[in-house]
Amino acid sequence: SSSYKTLALMTAAAKAIEEKKYDTALAMYDQVIAERAAKPLFRDLAIVQKVNVSLDHGKDLKADDLLKEIDAVAANDKSPWVGQGLMARAVVKAHLAKDIKGAIGDLELIKQKKDLPASLRQRAQALIDTYQLKGQS
């Protein structure tokens with residue numbers, strides 16, 4: 001079934017990351033994202049993971065490409081990964097697009113969503129504080 005294939009790809013991607021084979025992991029996330037039959041739950045997680053791995057280990061990153069990809073999750077309140085999507089989008093905005101104001105806007109959205117874990121809201125506040133200091137320097 002497609003769920004089994006999706007889970008196998010997600011598991012293999014996680015193993016590839018453990019083995020520091022980041023290009024392999026990114027290719028597997030791309031397969032999940034492209035898989036029409038994949039459940040949105042897994043596709044959204046694959047998008048978040050792909051963007052995070054790209055930020056940490058990717059080469060020749062383009063802010064626009066990553067933003068286009070993560071927007072699908074960050075803008076979808078029905079996704080269980082919306083908080084992580086907003087967090088990833090904020091980091092792309094701050095570090096690649098040099099859009100501190102946009103990043104803080106996404107982090108403020110995380111803080112307003114009371115259904116998100118407190119730890120995620122606290123991380124959002126910590127990044128807001130960091131980015132505000134950066135903006136003043």
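Buried residues are those under 20% relative accessible area, with exposed meaning over 50% and partly exposed in between, computed with a 1.4 Å probe on protein chains only. The model is predicted, so that local features need pLDDT of at least 70 and side-chain atom pairs count only at pLDDT 80 or more, while totals for chains, interfaces and linings use all residues. Residues are numbered from 1 along each chain as its sequence is written, and side-chain values use heavy atoms, with hydrogens and water left out.

**Helix 5**
- Helix 5 covers residues 82–95, where helices are DSSP runs of H or I of at least four residues, numbered from the N terminus.
- Because 11 of its 14 residues are buried, helix 5 is largely enclosed by the rest of the structure.
- The buried residues of helix 5 include V82, G83, L86, R89, V92 and K93.

**I17 in helix 1**
- I17, which lies in helix 1 (residues 2–18), is partly exposed, with a relative accessible area of 25%.
- Leaving aside neighbours within four places in sequence, I17 is in contact (heavy atoms within 4.5 Å) with Y22, A25, Y29 and V53.
- I17 and V53 are 36 residues apart in sequence, and their C-alpha atoms are 8.4 Å apart in space.

**R43 in helix 3**
- R43 belongs to helix 3 (residues 40–57), and, not counting residues up to four places away in sequence, R43 touches V32, I33, E35, R36 and A38.
- A polar atom of the R43 side chain lies 3.4 Å from the backbone oxygen of A38.

Methods: Helix = DSSP H or I, 4+ residues; strand = E, 2+ residues; numbered from the N terminus. Expected span 1.5 Å × (residues − 1). Polar contact = N/O pair within 3.5 Å; in protein donor to acceptor, adjacent residues only side chain to side chain.
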